[in-house]
Each structure stands twice: as C-alpha cells, then as structure tokens.
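Colleague: I have not looked at this one before. Can you put it up and take my questions as they come?

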Amino acid sequence: MSGGSILALVALPALGGAGLLGRGAARARTGHAPARDRTASGIALATASLSVALGILVSAGRPVLTWSFIPGGAFALGVDGLTALLLPGVLAVALLVLVAAAVERTEPAARFHGLMLLFVAAVAVTLTATSLPALLLGWELMGAASWSLIGFRWRDPERTSAGVAAFVTTRTADLGLYLAAGAAAAGSASDHLGLGLEALPDLSSPWRQVVAVGVVVAALGKAAQLPFSVWLSKAMLGPSPVSALLHSAAMVAMGGYLLLRVEPLLAATPAVASAAAWTGAVTTVVLGVVAMAQQDLKQLLAASTSAQLGFVVLAAGVGDAAGGTEHLLGHAGTKALLFLVAGLWLTALGTKQLEAMAGAARWWRAVGVLFTLAALTLAGLPPLGLWVTKDHVLAAAAERSGWLYGVALIGAVLSAGYAAVALRAAWRGPERRPTDRPGWDSEEPGDRHVPRAAVLPLAVLAGGALAPVALLVPAASDAVDALLGVTGAATPGAAEMALSAALAVTAFSLVLRRVPRPVPGAVRWFDLDRAAAVLVVTPVETLAARADRLDRALDRAVAGTARATTTVAAAAARLDVSGVDGAVRAVAGSVRAAGRATLRPQSGLVHQYLGAAAVVLAVGAVLLVVVRP
C-alpha cells in the first residue's frame, strides 16, 4: 500500500472538518443557521465512517510516507504493530461518539462536528507519526482542537476559562517535547542520526537522557498524570461527547500512547523509566482517592481517567508495552461509554450530581445496564476486560519492584471503589422516576428524556470494553505480543490474578454497602490547582510583573535618551543655522561687498588709473616721511 493512503487517512477528516467549520461560519454570518443541522451531522458521520474503513485498510497494509524537508529531519508517517492495533479502535470510538452526539443533538452541529473531525485528524497524525517533526505537528493540532472543544460553549466565561486552563497546563508540559526535539536535533547532528523516533535510543549521552525527560514530561501532561492532573477536572465543563472522546480514546490516551511508542528509549534510560513508572503508580492511588470522594459523576469519571492512565504510564515505565496497549484499548471503550451515559443523564435531568441523579439506571434500564457493564469493567472485576489488562501490568511491575507492585495494587483496589460509588448512585433510588427532585435542572434545563437511538452506539462501545476478555485465551495474548513485536512479556500467575480479583470484589462489595467517608481535600482534587497557582502561576506572574517593570524602565530610559538626543540635536541645529551658517553668510557678504567695491575703479579710463597711481604714490610718500625714524 502506498504512502498516499496514510495521507488520505489524515486528509479525509481534516478536509471534512474544515468544510463543516466553513459551512457553520457562513450560515452564522448570514443568519440562516437552522435549529438543527442534520446535514452537518450526516457529513460528519459519513466522513468518520470512511475514516474507520480507511484506518482498517491502512493498519493491514502498513504504508509509510516520508517527506524530507530538512537534512536529517524528515516528516514521516507510518504504521507499525502498535499503530495497527490502536488506530482502528480510536477511529471507531470517534465514530460512535459522533453518532451519540448526533442523537443527543449537540448544537451548533456544523461547528461541533467540524472541530471533532479536525481533532480526529490531529490524533491520526499523532498515532502514525514516526519522526519528531510529524509528532510535533499532530501534538500541536491536537492541543489546539481540544482547547476549542472544551470551551465549545464560548458564551459561558466559566467554560472558556476551563478550556484556557486545560490548554495552558498541557502546553506547559508540551515544552518538554520541544526540549526533546532540540536535544534530539543536537544529538543527531553529532551522531549522524535522523529525527526518527526509532533512532532516539541510539543517541549518545547526555542527549538521550534529555530527550527521554522531555518526552516523559510532555506525555504526563497530556495523560493528566501528577502533577498535571487538575486540568482534566476543569475540562469536564465541555460537552459530554467531547469528554467521551478526548478523555477515553484520544487526547489523554495519547499521553500514554507516546510513552508506549518510545518504550525503547525508556529502556535505554532506566532512571527516567523508573520515574515514569512511579509517577503512574502514585497517580493511580492519589487520583483513585480523588475519584472516590466525588459527588459529581463527570468529576468521578475524570479522576478515574487519570488513575487508569496511570496503569498505562506504569506499563511503559516497566517495559510492558503489550499490557499498556491492551489496557489503553480496553479503557477507551469503557470510559467513552461511561462519559456518554453521564451526558445523557445530564441532558435528561439537568444535573450530574450523584445524589440528585440517584436511581437513573432504574428509569432508563437499557442505558443503566450498559452503564453497569462499563462500571463493572472499570472496577476490574473478573472476568471482565480491565481485570485482565491490569493484572498484566501488575505482573510487569512485580518483576521490577515489590514496592511498585504494592502501590499499583492499591490503585487497582481503588478502581473497584470508585466504580462502586458510581454504580451505587445509579441504582440506589426509587423504582419509578419522580416528577421532580431537589437538584434537578441545577446545571442546565433537563428534558427528562433519553433517546432510544443512543443505545446502539453504547452497546457497540460495551462490546469494545469487553474485548480484552479474549486475552484470557493464550492464543489471543500471543497474537497481540506478536503484533507488537514483544517477546518474553510478563504474564500474571493464577495466584496473582486470584489475589487482585479477591481484593477488587471485596472493595467493590464494601463500597456498594456503604460509601466510605471521603479523605479531606479529595473532592477538590487535593487543591492541585491552588498548588499550581502557588508554585507555578504566582511565581510566573511575579516574574512577569518584574520583567514588565524592568521593560517599562528600559522604555522610559530609551524614551529619555531619545528626548535628550532630540534636544541636543535641536540646539545643534539652532547653532548651525544661527551661528555657523550666519557667520559663513556674513563672511560671504563681506567678500561680495569687497568684490563689488574693487569693481568701481575698474572703469577702463587711463587718466583715472594715472590719478589713482598718483594718489597711491602720494600716500606712500607721506607714510615714508611719517614713519621714518
């Protein structure tokens, strides 16, 4: 398969998204925007469907596209085993989310679907990038599109501020990728290597270590790992379909994907790999506690997303690319389903507070059953998919460090706890929906309706959430390892799987009976935003204010110097005009006058010349007599 197919994979959603944005802008400008734009959603669904089909073909054909625009710095896209495994799944989740958004009637449809398709195109570039220039392009476009989507309802200042906060936080971490690119360029120049991702482990020290640190920092920011996690809390103000895509199979997942992609680089820098593994493990615990304390369903799901991506980061740090990839895929379908259901209930009830929506699973049974299946999967209960993938990651962690395994196991137990919190609220309510309840319509007007058409994409996502169960079959697990080129992957034993299953079931059962008292500060995400303000924002603002004062002082100095120079120049001009020029004009006038005076005796008459000579002789004689001693 030619490289044109991979270019088409990126261009198709990019052009479709740009066209829809142009359509929406034109209609808004002319005032002909309809209340519901079915055409826009239809175009988006057709484009996403073609993208899924093309993604499957590209994954099977493994094309490569390379464009050398600078020496040693090719823009390269390609498909290997990791991309072939993730690309169709990510595109399929995007399609299902767009279907749910069309059913939910997210408006204005042209702008929303256009931005979503542009985001999909950016994710496609990120997934297929095999060089740092291509990766930087996809990374940047993904960040810009996510900012637009989180702040989609731009007339609400709180939502736009949330989009800015998410963008600035992730952009701060993205500086690590620029650091990595700069170090890679410097190292590749001396080592005669290109900027391909596969060449990064071969860089010499200290360039290799600098690149590894930069990549890890950028990935931790996108994956909402500590200390960058709080941006994900603010991003929950975006539309629910945005949360379902960005925080399940894309955006956040791309942070974990990047670490899986550069796992050979991490293996070549053990200290950086260990730091990444411990960051992922600690995030599973800290954000697990945060999730259990939430009273807002989307906040619970957001914190659990950071916690679950912690397992992926842990897997990359301990060299378990297979386990991390499997967990990334299983989590994508599970979390997309949960976020979409949260959005449906928010639209129906006007709230996403657990207490106010208690019993929602009883009132809309089909949606409630699918939500339950996804929550049980998130809990890591046997024999569901994430139980299998987590145990693969735990087995790899156990080979690296007993302490690391212990911390990650606590994170797995907390997964069961926060999943039980969500399920307890969904089912512990009246059998019949009341006509009203305190807290309803507190966040937006609810319509008390969940469309039946929404069940189809949810059911497909549920199938995707269950897919990792197949890994219990050795042949399926071996096939994934072969696709990824992994040999000697850690495999959990029966005792380890039984232990994690028992702990998960126990924690799940206990929380279902009684929600534990929340840890102080956990509801507020341990004030991570305040900590960021104190440790980062305030110092930067202080430095910026001082730099501004210095700049103003420099401006005043420059302006004063300019004024003094102008004054001196004016005085010099006056001296030049009235003094030097005047003296020159006076001398010139005297010379002209003398010249005119000397012209008078020049009459041409001989007797006048003789008379003048006689006068001169007489004057000379008088002088001789007078001055003679």
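Colleague: Where is Arg105 placed?
Modeller: Arg105 is in the loop between α3 and α4. Bear in mind that this is a predicted model.

Colleague: What is phi of Arg105 near?
Modeller: Phi of Arg105 is near 65°, which is a positive value in a residue other than glycine.

Colleague: And is Arg105 buried or exposed?
Modeller: Arg105 is exposed, as its relative accessible area is 51% and the cut-off for exposed is over 50%.

Colleague: Which peptide bond is cis around Pro108?
Modeller: The one that joins Glu107 and Pro108, with omega about -5°. Pro108 sits in the loop between α3 (81-104) and α4 (109-128). Another cis bond runs from Pro382 to Pro383, where omega is near 0°. Pro383 is in the loop between α16 and α17 (385-400).

Colleague: Back to phi. What about Asp441?
Modeller: Asp441 has a positive phi too, near 60°. Its loop lies between α18 (402-427) and α19 (455-466), and Asp441 is partly exposed at 35% relative accessible area.

Colleague: New topic. Which residues touch the most other members of the largest nonpolar core?
Modeller: Phe119, Leu245 and Trp345, in a core of 170 residues.

Colleague: What does Leu245 touch, leaving out residues up to four places away in sequence?
Modeller: Val93, Ala94, Val97, Met116, Phe119, Val120 and Ala250. There is also a second, separate core of 17 residues, with Ala281, Phe311, Val318 and Ala396 among them.

Colleague: Where is Thr325, and what is it in touch with?
Modeller: Thr325 is part of helix α14 (residues 321-349). Beyond residues up to four places away in sequence, Thr325 touches Leu82, Leu85, Leu86, Leu260 and Leu484. Thr325 is buried, with a relative accessible area of 0%.

Colleague: And Thr372, buried or exposed?
Modeller: Thr372 is buried, at 17% relative accessible area; buried means under 20%. Thr372 belongs to helix α16 (residues 365-379).

Colleague: What joins the side chains of Thr372 and Trp427?
Modeller: A polar contact of 2.7 Å. Setting aside neighbours within four places in sequence, Thr372 is in contact with Leu423 as well as Trp427.

Colleague: Last one. Which residues make the nonpolar surface patch?
Modeller: Val534, Leu535, Val536, Val537 and Val540 make a patch of about 450 Å². Leu535 is in helix α22 (residues 528-599) and is exposed, with a relative accessible area of 66%.

Technical notes:
Residues are numbered from 1 along each chain as its sequence is written. This is a predicted model: local features need pLDDT of at least 70, side-chain atom pairs count only at pLDDT 80 or more; totals for chains, interfaces and linings use all residues. Side-chain values use heavy atoms; hydrogens and water are left out. Patches are made of residues with over 30% relative accessible area and no salt bridge: like charges are joined within 9 Å, nonpolar side chains (Val, Leu, Ile, Met, Phe, Trp, Tyr) within 5 Å. Accessible areas come from the Shrake-Rupley method with a 1.4 Å probe; for residues, only the protein chains shown count as cover. A salt bridge is a side-chain nitrogen of Lys or Arg within 4 Å of a carboxyl oxygen of Asp or Glu. Helices (H or I, at least four residues) and strands (E, at least two) are DSSP runs, numbered from the N terminus. Buried means under 20% relative accessible area, exposed over 50%, partly exposed in between (1.4 Å probe, protein chains only). A nonpolar core is a set of buried Ala, Val, Leu, Ile, Met, Phe, Trp, Tyr and Cys residues joined through side-chain atoms within 4.5 Å. Contact means heavy atoms within 4.5 Å. A polar contact is a pair of N or O atoms within 3.5 Å; within protein, one must be able to donate a hydrogen and the other to accept it, and residues adjacent in sequence count only if both atoms are side-chain atoms.
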